[in-house]
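User: Hi! I have a new model open and would like a quick tour. Could you walk me through it?
Analyst: Happy to, here it is.
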Amino acid sequence: IYDAAAVGRMVPYKGWDTLTQILKKVEKPLKVIIIGDGPLRHEILHRLRQTHHEIHHIPHATEEEKKKLLGQARVYINTSRTEGFSITTLEAIALGAQPLIYDPDGHNAAAELVKTATYGKVARTVEEAAEALANPPRHPPPTDLAQYHIKNVIDRYEKILQSIQK
């Protein structure tokens, strides 16, 4: 069981520096799983491991392995600065990991998933994110995620395109 999980490519815009800041503000030691790889892997992991938390890293996880690990986490942290429709956030919700979305500027679209599902937390500051990570709410995830089925998302997008063309 993990206290938190973070998934993503290890590049600057995914917000790994922010994750490090958040972790430094959480006093109680946490067990954190990091899933992902990228050109900044060694630098990012070095900074994360300088915190007082137990950091585990899986560079290359299959989709099944990723889902299994997310399902073992209490909180899924998304600190991306430019997230679109976040499939991993939706998977975390379905698996019962409370999403913690860092969104100081309103550019992380995963925040909309959290707000619509009314499950998880959207944090505007590092301090707010650290508080939510240290004390995540404990309520069951939503059971009906059908509105996010890819067919429904595509249908809504087609309607948007049709309205633009009119």
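Analyst: One term before we start: a polar contact is a pair of N or O atoms within 3.5 Å. Also, keep in mind that this is a predicted model.
User: Thanks! Which backbone oxygen lies 3.2 Å from a polar atom of the side chain of T79?
Analyst: That is the backbone oxygen of K14.
User: And where is T79 placed?
Analyst: T79 is in the loop between β4 (73-78) and α4 (87-95).
User: Is T79 buried or exposed?
Analyst: T79 is buried, because its relative accessible area is 6% and the cut-off for buried is under 20%.
User: What does T79 touch, leaving out residues up to four places away in sequence?
Analyst: T79 touches K14, G15, W16, T18, L19, I22 and Y102.
User: Switching to helices: at what angle do α1 and α6 pack?
Analyst: Helix α1 (residues 16-25) packs on helix α6 (residues 126-134) at about 60°, and their axes are 8 Å apart. That angle makes α1 oblique to α6. The crossing is right-handed.
User: Which residues meet there?
Analyst: From α1 there are T18, Q21, I22, L23 and K25, and from α6 there are V126, E127, A129, A130 and L133. By type, the residues of this contact are six nonpolar, two polar and two charged.
User: Zooming out, how many helices and strands are in the protein chain?
Analyst: The protein chain has seven helices and six strands, in the order β-α-β-α-β-α-β-α-β-α-β-α-α along the sequence.
User: And what share of the residues counts as buried?
Analyst: 44% of the 166 residues of the protein chain.

Note on methods:
Residues are numbered from 1 along each chain as its sequence is written. This is a predicted model: local features need pLDDT of at least 70, side-chain atom pairs count only at pLDDT 80 or more; totals for chains, interfaces and linings use all residues. Side-chain values use heavy atoms; hydrogens and water are left out. Helices (H or I, at least four residues) and strands (E, at least two) are DSSP runs, numbered from the N terminus. Buried means under 20% relative accessible area, exposed over 50%, partly exposed in between (1.4 Å probe, protein chains only). A polar contact is a pair of N or O atoms within 3.5 Å; within protein, one must be able to donate a hydrogen and the other to accept it, and residues adjacent in sequence count only if both atoms are side-chain atoms. Contact means heavy atoms within 4.5 Å. Axes are lines fitted to C-alpha atoms, for helices over the stretch in contact, and angles run from 0 to 180 degrees between N-to-C directions. Angles under 35 degrees count as roughly parallel, over 145 as roughly antiparallel, 65 to 115 as roughly perpendicular and the rest as oblique. A crossing is left-handed if the near helix is turned anticlockwise from the far one by less than a right angle, and right-handed if clockwise. Ala, Val, Leu, Ile, Met, Phe, Trp, Tyr, Cys and Pro count as nonpolar, Asp, Glu, Lys and Arg as charged, and the others, Gly among them, as polar.
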